[in-house]
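Here is a short report on one protein chain.

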Amino acid sequence: MFKRLSIVCLMSTQLPFIAMAQDTWRGLVITEENRCSPYDKKKQYPYSQSVEDDIVEEMDGLVYGPYTGRYFESDTSTDIEHIVAASEGHDSGLCDASAETRKEFASDLLNLTLAAPEINRCGPGGKCGYDAAEWLPNKNKCWFANRIVEIKTKYALSVDQAEANALEAVLSNCQSVAMIFYPENNDLPRQDALALYDDNENGQISCTEARNHNIAPVTRAHVAYQYMRDADGDGVVCE
């Protein structure tokens, strides 16, 4: 009887330690994603379309997509982009959060930017609901990775090991985490445009190269257009 009681006592003293022994990375708990409740973006993560104006105001009035360094004439050409996707946030801890916290997350300017629809949405090269282990932007990687840490810290969200590894690989090489506003592509001379997008250095830019650099579809106004073949002459290639 005494032996059995001793084992029970020993187990009870060890349990709190086991429960607390969680791996962390930059203060974030490392654990597998877990959808602990059903996910419905429209119902659970609502936000007003007016936040788009707030995002533009934060970027000094520029309609700019930091993932590609691309400028737009109007925010009618862009999507509101959640840096930590709502589905990723849900599976990283918000599945157990209050409705108010979810709504705050969805409307938080810390977690919002702009992106072309083909970058924001699901499809070839699109961010969709991926985390950093599955998708990283072509440009502003340091800003992007740091924002993820800030957002996940603010909402006490977790990271999985692959995500932590991918973010650390970026952040460990960053001298600055500020958003970079790249020169407008329309102002680039020939050699710079080809240097940016002509990966095989043949003096032309293919749709494969355009998609690899997240600039497709390419319109006549884009600097890459003059080095591409517009077979139907409609002013847009790589639709």
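## Cysteine pairing

Count the bonded cysteines of the protein in sequence order, and the pairing reads 1-2, 3-4, 5-6, 7-8. The whole structure was searched, and four disulfides were found. Here a disulfide is a pair of cysteine sulfur atoms within 2.5 Å. In general terms, a disulfide is a covalent bond between the sulfur atoms of two cysteines.

This is a predicted model: local features need pLDDT of at least 70, side-chain atom pairs count only at pLDDT 80 or more, and totals for chains, interfaces and linings use all residues. Residues are numbered from 1 along each chain as its sequence is written, and side-chain values use heavy atoms, with hydrogens and water left out.

## Cys36 and Cys95

Cys36 is joined to Cys95 by a disulfide, with an S to S distance of 2.0 Å. The torsion about this S-S bond is about 110°, so the disulfide is right-handed. Cys36 sits in the loop between β2 (28-29) and α2 (41-44), and Cys95 in the loop between α4 (86-91) and α5 (99-107), so the pair ties together parts that are 59 residues apart in sequence. Helices (H or I, at least four residues) and strands (E, at least two) are DSSP runs, numbered from the N terminus.

Are the two ends buried or exposed? Cys36 is partly exposed, at 42% relative accessible area. Cys95 is buried, at 7%. Buried means under 20% relative accessible area, exposed over 50%, and partly exposed in between (1.4 Å probe, protein chains only).

## Cys122 and Cys128

A disulfide also joins Cys122 to Cys128, with S to S at 1.8 Å. Its torsion is about 60°, so this disulfide is right-handed. Cys122 counts as exposed at 56% relative accessibility. Cys128 counts as partly exposed at 24%.

The disulfide between Cys207 and Cys238 has an S to S distance of 2.0 Å. Its torsion is about -90°, so the disulfide is left-handed. Cys207 lies in helix α10 (residues 207-212) and Cys238 in the segment after β8 (236-237); the pair links distant parts of the chain, 31 residues apart. Cys207 is partly exposed, with a relative accessible area of 28%. Cys238 counts as buried at 8%.

An unreviewed UniProt entry lists residues 203-239 as "domain: Excalibur calcium-binding". UniProt positions are given in the numbering used here, feature names are shortened, and annotations may be inferred rather than shown by experiment. The span is 16% helix and 11% strand, and its end C-alpha atoms lie 21 Å apart.

On a 1 Å grid over the protein atoms alone, a cavity is a set of points where a 1.4 Å probe fits but cannot get out, and lining residues have an atom within 4 Å of a point. Grid points are joined across faces, edges and corners, and a volume is the space filled by probe spheres set on the points.

The largest cavity holds about 50 Å³ of space. Its lining includes Ile83, Glu88, Lys127, Tyr130, Asp131, Phe144 and Glu163. By class, that lining has seven nonpolar, no polar and four charged residues. Ala, Val, Leu, Ile, Met, Phe, Trp, Tyr, Cys and Pro count as nonpolar, Asp, Glu, Lys and Arg as charged, and the others, Gly among them, as polar.

The second largest cavity holds about 30 Å³. Among the residues that line it are Gly65, Tyr67, Thr68, Phe72, Leu114 and Ile119. This lining divides into seven nonpolar, two polar and no charged residues.

Note on methods: 1 Å grid on protein atoms, 1.4 Å probe; cavity = no way out; pocket = protein on both sides within 12 Å on 5 of 7 lines; lining within 4 Å.
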